[in-house]
Amino acid sequence: MSRQSNRTTDSKKMNSELFTLTYGALVTQLCKDYENDEEVNKQLDKMGYNIGVRLIEDFLARSSIGRCQDFRETADVIAKVAFKMYLGTTPSVSNWSPAGDEFSLILENNPLVDFVELPDNHSTLVYSNLLCGVLRGALEMVQMAVDVRFAQDTLRGDNVTEIRMKFIKRIEENLPAGDE
Amino acid sequence: MADESLFDFLHMEIVSHMYTEQQSSKGEMDNKDRAVCVSVLESMGFRVGQGIIERLTRDSPSFKDELDVMKFVCKDFWTKVFRRQVDNLRTNHQGTYVLQDNKFSFLTQLSSGKQYLDQAPKYLAFSCGVVRGALSNLGMDSVVTAEVSVMPSCKFQVVVQKL
């Protein structure tokens, strides 16, 4: 019995290691392909966006969460359900702006950066920028335009990883011209 | 935890990105471009395979012989990476092994038959690299290729290079 449970925890860790290693290989390849960190950051964001617009469907299918009433609920769902489901970690939601349209996700540990160290010549690289793209793409598919960026990053010396999310506007559904 | 689907999405996006990047420099893709994409994906897989096998075999005793290594690859390693075991392992006992997986995890969502057969190699390059990387860190230099005739079943051919 205990042997089996060992294997399950191992397989969970294993899967995240596979993801972490693949992500690392991707970032390394991008750094080789593009000359500067800014360009790599942009590519990671673009790839994240492409993943996010598909991931949202997978998420909604698995979680059967209904429509969120407001941005606060969205924040809770992202932190407690989505992050837990895909990355196995639950960030805390904090630093709400007075208008209630901006908040921070604080991650104690970021599975993407296990075993990772940034070399000195890549100090402006936002290693986990894929996450920003994923969040942006996923929320755009549920009619929310958001701005996502990293405010703090453990790879660059900060204590925690902080993702800042700002609500920009609600996206109106555009019906093609000529539809009734 | 649904990180398997997250990994699938990441893999799909990596393949898509590599091909779009290669294509954007010229209008059409010729065979040389395709070969470049495949080898880039394969080398990414190689690094990942090396890392995974290190973590996986940290505490295991060393292997008796080549066949033992291949059996490990077919069972434990395949389960960790592709979430199932290899269905069939064949060898000529002279360094060539054929691993057959009838429901290969990256192909199941593409089709179940002959549709999109020409797209399949793109999604196999990374995996070939992973297998090659794993074997390399276990002391076996090899050449790994994959062949698909009916999706989602595919055969990986491993030819061990003798010094």
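This is a predicted model: local features need pLDDT of at least 70, side-chain atom pairs count only at pLDDT 80 or more; totals for chains, interfaces and linings use all residues.
We may begin with the architecture of chain A, which contains four helices and four strands. Of the 180 residues in chain A, 48% are buried. Contacts in chain A also reach across the sequence: among those between residues at least 6 apart, 57% join residues at least 24 apart.

The two chains meet at an interface in which 25 residues of chain B are in contact with 34 residues of chain A. Together, chain B and chain A bury about 3000 Å² between them, and 71% of that area lies on carbon and sulfur atoms. As for charged pairs, one salt bridge is found across the interface. The partners are A:E17 and B:R55, whose closest N and O atoms are 2.8 Å apart. Polar contacts between chain B and chain A amount to five residue pairs, both residues of each being at pLDDT 80 or more. On the side of chain B that touches chain A, the elements giving two or more residues are α1 (3-25), α2 (31-56) and α3 (66-82) of chain B. Helix α1(B) provides the largest share of this side, with twelve residues. By residue type, the side of chain B that touches chain A divides into 15 nonpolar, three polar and seven charged residues.

Turning to the cysteines, the structure holds zero disulfides over all chains. A:C68 is in no disulfide, and the nearest cysteine sulfur, which belongs to A:C132, is 20 Å away.

A:T74 is located in helix α3 (residues 71-87) of chain A. With a relative accessible area of 5%, A:T74 is buried. Apart from neighbours within four places in sequence, A:T74 is in contact with A:C68, A:L139 and A:M144.

B:S111 is placed in the loop between β2 (96-101) and α4 (120-137) of chain B. Its relative accessible area is 9%, and B:S111 is therefore classed as buried. A polar atom of the B:S111 side chain lies 2.9 Å from the backbone oxygen of B:Q115. When neighbours within four places in sequence are set aside, B:S111 is in contact with B:Y116, B:M151 and B:P152.

How values were computed: Residues are numbered from 1 along each chain as its sequence is written. Chains are lettered from A and ligands numbered from 1 in the order in which they are written. Side-chain values use heavy atoms; hydrogens and water are left out. Contact means heavy atoms within 4.5 Å. Buried area is the accessible area (1.4 Å probe) that two parts lose on being put together, summed over both. A salt bridge is a side-chain nitrogen of Lys or Arg within 4 Å of a carboxyl oxygen of Asp or Glu. A polar contact is a pair of N or O atoms within 3.5 Å; within protein, one must be able to donate a hydrogen and the other to accept it, and residues adjacent in sequence count only if both atoms are side-chain atoms. Ala, Val, Leu, Ile, Met, Phe, Trp, Tyr, Cys and Pro count as nonpolar, Asp, Glu, Lys and Arg as charged, and the others, Gly among them, as polar. A disulfide is a pair of cysteine sulfur atoms within 2.5 Å. Buried means under 20% relative accessible area, exposed over 50%, partly exposed in between (1.4 Å probe, protein chains only).
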